[in-house]
Amino acid sequence: MTSLLDQANNKDNREQFLNRIAKAAGRPRHALKDHPFKPLNTLPDDLLADKSPEELLNIAIKNSESVNAQVVLKPAAQLADFLTAYAKQENISHLLLPNNTPEEWEKYGLMEWSKNPGVENVAVWSDKLSRQENEENANQADLAVGMGDYLIAATGTVTVINRSAQGRGFDYLPTRLLLIVPKSGLVKSTREAVNKYNEQTANGLSTSTFNFISGPSNSGDIEMELVVGVHGPVECTYLIVEDR
Amino acid sequence: MGISTSDKPFITRVKEDEADHFMRAAVAKAQDAQFIKRTQARRELGNWNEWRDLAEQIRQHVLKYLPDYLEEFADNVEKQDGHVFFAKDEDEAHNFIKELAIAKKAKNIVKSKSMVTTEIDLDKTLLSIPGANLLESDLAEFILQEDNWDEPTHIVFPTLHKNRDQIQREFQKLGYDGDDDPQHEARFVRGYLRKYFMKADFGITGCNFAIADNGMINLDTNEGNADITMAIPKTQVVVMGMERIVPSMKEAEVLDNMLARSAVGQKLTTYCTFTGRKKGGEVDGPDDFWVVIVDDGRSKALGTEFEPILQCIRCGACMNVCPVYRQVGGKGYGSIYPGPLGEVLSPILGGYEKFKDLPYACSLCAACTETCPVKIPLQHLIREHRIVEMDGKHMDHSMTNLILKMVGKGTQSPFLFGSAMKMAHPASNMFSQTEQPGAVEGMYDEGKIDYVPKIVPKLIHGWIDTRDVPRPVKAKENFRHWFKDHKPEEMAPVVKKEGGHAND
Amino acid sequence: MDNQPRVCIFSSCLVDLLFPNVGKAMVQVLERLGCKTFLPKKQVCCGQPTYNSGYSKGSLKTFKNEIDALLSIDADYIVGPTGSCVFMIKEYAGILADDPVYGPRAKKLADKICEFSQFIYRVLGIIDCGAELDATITVHRSCHMTRLLGERTAPFVLLDHVKGIKRVPLHNVQLCCGFGGTFSAKEPELSTAMVQDKVKNIMDTKADILVGMETSCLMNIAGYMNRHGDHIKVMHIAEVLNHDVDPSRIKYIKDTNEPVVPANGEGVF
Ligand code: SF4
């Protein structure tokens with residue numbers, strides 16, 4: 001018997017399957033090119049389209065809080081002080097940071113802070129460490145301070161991508177996750193965020209993952225009672241940078 | 001366990017469920033709570049029915065061009081150096097994954113909740129690999145696993161039938177010494193599973209939507225377990241029903257919003273992730289990325305009146321509104337797909353012989369159809385199954401069948417019906433009946449029939465054992481008689497014949 | 001007056017066999033509101049008991065008989081006291097779509113037929129039938145009427161305009177009463193559990209009267225109540241709208257400031 005594994009990415013396996021279901025459906029294959037999907041309405045694009053930027057921000061804050069995310073607004077100049085105070089207040093002993101370039105930190109005035117955040121143990125997620133070392137660091141961390149791209153008003157969501165400086169484990173394994181998002185990243189809807197990522201991809205962005213994160217992990221599996229903090233972070237903070 | 005969860009006959013399961021008061025109260029409470037959350041979330045979005053039109057259009061379009069989209073998707077997974085296997089049935093699917101796990105020398109397999117992996121009986125297959133461990137990471141699935149692989153009873157809330165005390169006792173076996181507070185129980189699982197996660201080498205997830213134009217997998221979860229499952233293990237298998245595909249992230253995004261609002265009354269699930277094989281420079285995520293696309297009977301619905309059931313996005317709203325599910329809970333259906341969705345899907349995937357009772361476990365109230373975010377005409381399809389069973393397969397040979405055939409004859413002939421109207425009142429003397437008007441005013445002017453001999457068929461007993469029936473009116477007092485007398489007869493404006501007239 | 005709407009009465013088999021008062025009340029209300037009524041003799045039944053049980057072929061003759069009977073009178077409208085059966089009749093057009101003779105006839109029938117309260121409110125444009133009933137009521141709204149026919153507001157508007165009525169909302173009004181046609185007899189355990197819940201919710205309202213739009217649901221609910229000693233009165237909406245009527249109170253929507261409430265309410269379920 002030949003191994004089933006050989007049939008993966010095998011033309012016969014695919015063609016037989018697709019021909020069989022096309023036959024079952026009684027429809028020819030390869031008709032899609034003449035009938036691309038054309039949405040019958042524009043609701044996803046119209047969502048919150050009539051809101052001013054201030055209104056959008058207020059909606060974003062309200063929706064973020066409703067998913068138990070903590071929302072903090074600060075100008076860039078105050079980020080470092082805020083983060084130091086926050087780490088102190090939460091008794092953070094293991095901090096995880098992304099391996100940002102100096103420019104990326106400096107955009108938020110955080111270069112100095114990132115070198116000296118005032119926490120006993122600081123680890124940096126980086127492709128210079130092994131996969132296992134990074135994951136262990138993330139697992140140890142009681143706070144990760146990472147970079148988000150967009151803040152979505154309609155759903156109270158912050159989006160993040162996977163990159164060498166900030167991997168998947170960075171966002172999921174620490175006990176607390178804080179995401180820094182520029183106010184310029186405020187978008188109306190998941191549709192707008194998807195559109196922006198599509199644009200970036202067309203311009204060369206390469207990532208394996210787009211994460212849409214809305215608050216801390218949670219579950220209603222036990223008697224449908226909401227519990228916060230299951231596998232992912234138990235607390236989630238959006239730090240919105242007012243002047244970036 | 002495959003799609004079937006029980007070998008007991010339907011009626012036995014129903015009776016067992018009737019006795020399970022905790023379960024029934026839990027289901028009722030859950031339905032009522034979800035009713036409020038779901039309706040609020042949908043209202044808040046605005047234009048809900050137009051969103052449904054869009055969602056329906058997306059799903060119908062994809063089904064119409066399914067082979068083309070699957071081809072595009074497979075090409076794009078291969079471009080990321082991923083692997084795609086098309087499995088025509090359950091055996092192919094789970095054997096493939098087993099071979100893969102053996103080839104990769106998997107030791108610690110971690111899974112995140114997925115209906116399709118339950119459907120293809122994956123857990124049992126993987127546990128048969130010597131030396132391999134397997135843990136379900138979704139809180140509910142973990143609870144079921146630790147309770148000796150108990151059956152799920154809901155597609156979104158698989159442990160709806162369990163209470164916090166049962167869960168506490170279960171966890172005590174794993175070393176839990178806390179109270180029965182769900183928050184504490186969940187934290188215990190977080191710690192317990194985290195240790196396992198950190199050494200997991202083989203991850204398995206389902207797939208909410210596969211993105212045809214970039215080969216990504218879209219996953220919606222609240223716990224974050226699917227994402228950790230996609231982060232840590234070096235080998236990753238995604239199992240997807242072949243219909244779970246969309247053209248691009250734009251359509252996925254629409255469905256993600258509707259899914260979360262419909263399933264749990266949230267705007268979006270906490271984690272809504274588009275992901276795939278690890279890319280150059282990235283540190284974690286799967287080096288080895290495999291997608292198994294499963295038919296397992298779905299193609300039997302393609303091109304038939306049942307095709308719309310493949311539009312389903314597994315939100316569970318139909319079971320959350322179903323008055324029968326409210327009474328039976330999930331287990332009664334004997335299928336991993338319970339409720340209205342299951343009544344339509346189970347006979348297609350598992351066959352009519354096994355699931356012939358399910359389409360009849362429905363009062364056709366249409367609450368499911370009304371709530372379904374992708375506009376599947378569920379109650380209509382349930383009735384279509386009945387038609388297949390009765391007219392297509394002649395599956396009922398009971399007395400009920402005979403009676404209904406008689407009713408069929410009686411209702412097609414004005415003559416027979418006229419005789420029935422004359423006969424009904426005297427005929428009801430055959431049964432014992434009370435001449436005094438019954439106590440519920442307005443319904444029992446002629447008295448009631450309250451006892452029928454044991455020998456009459458179940459079709460009648462089913463009613464009369466718990467409910468009274470009014471006695472038919474005397475012919476002289478019936479409506480038609482009254483109508484004739486109530487005013488001077490006026491010539492009805494008769495239509496001249498235009499064809500038809502079946503009874504002339 | 002010859003601009004009186006001519007209304008063909010679709011009586012339904014339950015009214016013919018068991019509930020003459022509902023039929024009488026419906027006819028009296030319609031005539032009072034200015035309609036001329038006619039009752040075709042050859043009508044029997046809409047065919048739901050068999051069709052919904054899966055006997056599609058066996059139901060075709062029933063459908064065709066009903067089409068012939070209801071179209072035998074040249075009426076402007078066809079009106080019946082049950083949303084469920086009215087919807088079944090509307091479905092004929094789809095079921096018989098390929099029948100060259102009955103397809104078009106079924107379509108014609110579908111266009112003419114209306115449920116009673118819907119007809120009064122949406123076709124005649126009447127908001128107050130002039131009735132009076134000094135009682136606290138609660139309403140079972142019926143699933144096919146609300147979801148298949150899509151009429152969830154007309155009966156409530158009409159009932160709320162009956163003088164003296166106090167309507168208390170029914171908890172979990174959206175849940176089926178467990179009738180479901182032959183379902184109630186084929187799955188008696190489930191059906192009984194459902195009607196038990198429904199009756200509990202009804203009794204909890206402490207209403208004097210349960211009002212419904214569907215004789216079948218009412219028969220189910222009252223059958224359970226009667227057996228178990230929950231003795232409140234049960235009325236069909238036609239009987240309520242025909243109760244202690246003062247014709248001078250009859251009011252058209254256009255003569256009030258009230259908006260026409262859409263059949264589907266707010267449309268989110
Ligand atoms: S059938 Fe509709 S309502 Fe039911 S689970 Fe599927 S998508 Fe949701």
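Modeller: Let's begin with a term: buried area is the accessible area (1.4 Å probe) that two parts lose on being put together, summed over both. For chain B and chain A this comes to about 8300 Å², with 58% of it on carbon and sulfur atoms. On the side of chain B, the three residues that supply more than any other three are B:F86, B:R190 and B:V283, with 8% of the area that chain B buries against chain A.

A word on the model itself. It is predicted, so local features need pLDDT of at least 70 and side-chain atom pairs count only at pLDDT 80 or more, while totals for chains, interfaces and linings use all residues. Residues are numbered from 1 along each chain as its sequence is written, chains are lettered from A and ligands numbered from 1 in the order in which they are written, and side-chain values use heavy atoms, leaving out hydrogens and water.

Now back to chain B and chain A. Here 114 residues of chain B are in contact (heavy atoms within 4.5 Å) with 90 residues of chain A. Nine salt bridges (a side-chain nitrogen of Lys or Arg within 4 Å of a carboxyl oxygen of Asp or Glu) are counted between these chains. One of them pairs A:R14 with B:D75, whose closest N and O atoms are 2.9 Å apart. Helix α10 of chain B, residues 182-199, gives eleven residues, the largest share of the side that touches chain A; helices here are DSSP runs of H or I with at least four residues, strands are E runs with at least two, and both are numbered from the N terminus.

Next, turn to chain C. Its contact with chain B takes 97 residues from chain C and 98 residues from chain B. The area buried between chain B and chain C is about 8300 Å², and carbon and sulfur atoms give 58% of that. Helix α19 of chain B (residues 399-412) brings nine residues, the largest share of the side that touches chain C.
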